[in-house]
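Please examine the structure below with attention to its charged side chains and its metal site.

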Amino acid sequence: MTDPVPIARAKRRLWPWIGAAAGVLLAVAILGAVREHRMTVRLLETDPDQIPQHADLVRYADSLAKPAYAAHCASCHGADMKGDHAKGAPNLSDAIWLYDFGGVGDIERTILYGIRSGDPKARNVTDMPPLGRNMQLSAAEIRDAALFVINITRPQQDQAAVARGSKLFQTKGVCYDCHSSDAAGNPDYGAPAFTDTDWIYGGDYDTVYQSIYSGRHGVCPAWIDKLKPKVVRALAVYLHQVSQASKAQASAPKGAAVHD
Ligand code: HEC
Ligand code: HEC
């Protein structure tokens with residue numbers, strides 16, 4: 001038989017300790033919440049393009065952005081951020097941008113309002129027109145234009161077709177109007193460059209032919225109503241960091257990634 005009196009006494013002695021421990025835990029939780037709140041306010045109040053200069057803000061943004069990217073973006077842009085040709089979702093891990101120049105503010109705007117998303121502030125200046133389907137160009141002309149575009153980064157056999165395609169690009173095809181006459185693209189229209197090997201849909205002949213024949217209408221959803229402002233900004237900071245790191249890597253003497 002145990003004596004109930006000493007046990008009751010021991011319990012009584014334990015209570016103050018339990019109370020103190022709970023107090024410490026509560027204080028830690030409150031301090032954590034205060035710190036979190038302060039970081040959120042700083043993340044939102046700092047000029048977005050200045051954030052990369054604050055290492056602690058970048059770390060905080062990373063911690064918010066990584067799970068949000070996995071939950072909301074990876075399904076289209078890939079867990080490795082390298083995009084998906086079949087979905088027309090571009091590579092977000094490089095320093096090549098369809099829209100603007102890859103500043104945190106530029107990227108944030110794309111994430112907030114999307115691309116051809118239906119949001120009134122979406123990026124939506126123009127589409128890739130279906131030049132075959134709307135009979136502006138013949139099948140032979142589309143072949144020439146496709147070979148010209150591919151030839152810029154991957155020399156083609158049929159140079160006569162490439163020359164015809166080049167002429168078409170600057171005249172009847174009106175390609176220059178959106179992709180610019182040096183084929184370097186136009187970041188106001190989201191018209192991609194053909195001077196790099198980063199393709200949205202793919203750089204093989206059949207895919208390029210399809211892009212010109214049927215046109216394209218890539219859509220990135222608007223996130224303004226689905227994600228908190230701090231998460232959108234954190235994603236923009238995170239994508240900016242990743243693209244800057246890849247730029248540094250690409251300009252290093254070796255290891256420039258080339259992919260179709
Ligand atoms: C349903 C598929 C889909 C999802 C989900 C999606 N995107 Fe996109 N995103 C696209 C497509 C398609 C484009 C390219 C649109 C075009 O062709 O212009 C794009 C383009 C972009 C661009 C522009 C890239 C550039 O080069 O300028 C950014 C930035 C971007 N997405 C970020 C995100 C982020 C961040 C998320 C998650 C919060 C996300 N996207 C979720 C499909 C998606
Ligand atoms: C009215 C503007 C406009 C004109 C004219 C135009 N394009 Fe485009 N093009 C675009 C846009 C915008 C995109 C990106 C579309 C998207 O992702 O939804 C694009 C995409 C493409 C793609 C897909 C590239 C990739 O990375 O997968 C190819 C190829 C292409 N255009 C070739 C041409 C050629 C060749 C011509 C002329 C014969 C032409 N375009 C004329 C606006 C235009």
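**Salt bridges and the iron site**

E108 is a buried residue, its relative accessible area being 11%. The model in which this value was computed is a predicted one. The threshold for burial is a relative accessible area under 20%, and E108, at 11%, therefore falls on the buried side.

Which residue pairs with E108 in a salt bridge? The partner is R233, and the closest N and O atoms of the two side chains are 3.0 Å apart. Because R233 belongs to helix α9 and E108 to helix α4, the pair ties together parts of the chain that are 125 residues apart in sequence. R233 is itself buried, with a relative accessible area of 9%.

K230 forms a salt bridge with E36, with 3.4 Å between the closest N and O atoms. K230 lies in helix α9, which spans residues 229-251, and E36 lies in helix α1, which spans residues 4-45; this pair links distant parts of the chain, 194 residues apart. Are the two partners buried or exposed, or in between? K230 is buried at a relative accessible area of 17%, whereas E36 is partly exposed at 34%.

Another salt bridge joins K87 and D84, whose closest N and O atoms are 3.7 Å apart. Here D84 is partly exposed, with a relative accessible area of 24%. Over the whole structure, the search finds nine salt bridges, the pairs described here among them.

Attention now turns to the metal. Which protein atoms are donors to the iron atom of ligand 2? They are SD of M128 and NE2 of H179, lying 2.0 to 2.1 Å from the iron. M128 counts as partly exposed at 23% relative accessibility, while H179 is buried at 9%.

The iron atom of ligand 2 has six donor atoms, and the angles among them run from 88 to 180°, the site being octahedral. In general, the ideal angles for six octahedral donors are 90 or 180 degrees.

Technical notes. Residues numbered from 1 in each chain as written. Chains lettered and ligands numbered in written order. Predicted model: local features only at pLDDT ≥ 70, side-chain atom pairs only at ≥ 80, totals over all residues. Heavy atoms only, no water. Donors = N, O, S within 2.8 Å, 3.2 Å for Na, K, Ca; no water. Tetrahedral: all angles 85-135°; square planar, octahedral: opposite > 155°, others 65-115°. Buried < 20%, exposed > 50% of the residue type's maximum accessible area, 1.4 Å probe, protein only. Salt bridge = Lys/Arg side-chain N within 4 Å of Asp/Glu carboxyl O. Helix = DSSP H or I, 4+ residues; strand = E, 2+ residues; numbered from the N terminus.
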